[in-house]
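Biologist: I would like to learn how to read a model of this kind. Please take the features one at a time.

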Amino acid sequence: DAIICQGSEAGGHGLRRELGNSTLALASQVKSNLVSGNNNNNIPVLAAGGIVNGKHVTSMLCVCDGVSMGTRYWACKESL
């Protein structure tokens, strides 16, 4: 089991950011609520949306347990 926090940048859209939290902010809020609510909680929190390079992965790993990427892989030659 895991919780995937999908921010407003998910799916390569990024056009309607006023409709929700960014992935980093959302994942940070979820993770802090899990930690403060139950100290024995082992549910991993994964970030999804707006992760396009290694710097983004590193940023997400500072606040959550992993990342889930999909659309970004369309840009690599292996996807052809």
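The dialogue below goes from the fold to single residues.

Biologist: What should I know before reading the values?

Modeller: This is a predicted model, in which local features need pLDDT of at least 70 and side-chain atom pairs count only at pLDDT 80 or more, while totals for chains, interfaces and linings use all residues. Residues are numbered from 1 along each chain as its sequence is written, and side-chain values use heavy atoms, with hydrogens and water left out.

Biologist: How many helices and strands does the chain have?

Modeller: Helices (H or I, at least four residues) and strands (E, at least two) are DSSP runs, numbered from the N terminus. Here there are two helices and three strands, in the order β-α-β-α-β from the N terminus on.

Biologist: Which strands pair, and in which sense?

Modeller: Two strands pair if DSSP finds at least two bridges between them. Strand 1 (residues 3–6) is parallel to strand 2 (residues 45–48), with four bridges. Strand 2 also pairs with strand 3 (residues 66–68) in the parallel sense, over three bridges. L46 has I4 opposite it in strand 1 and G66 as its bridge partner in strand 3. Between strands 2 and 3 the chain passes through helix 2 (residues 54–63), and this β-α-β crossover is right-handed. That term means that, with the strands pointing away from the viewer, the path from the first strand over the helix to the second runs clockwise.

Biologist: How many disulfides does the structure hold?

Modeller: A disulfide is a covalent bond between the sulfur atoms of two cysteines. The test used is a pair of cysteine sulfur atoms within 2.5 Å, and the structure holds zero disulfides. For C5, the nearest cysteine sulfur is that of C64, 7.2 Å away. For C62, the nearest is also that of C64, at 9.0 Å.

Biologist: Is C5 buried or exposed?

Modeller: Buried means under 20% relative accessible area, exposed over 50%, and partly exposed in between (1.4 Å probe, protein chains only). C5 counts as buried because its relative accessibility is 3%. C62, at 64%, is exposed.

Biologist: Where is S32 found?

Modeller: S32 is found in helix 1 (residues 23–37). Its relative accessible area is 40%, so S32 is partly exposed. The C-alpha atoms of S32 and V63 are 8.7 Å apart, although 31 residues separate them along the chain.

Biologist: What share of the whole chain counts as buried?

Modeller: Of its 80 residues, 19% count as buried.
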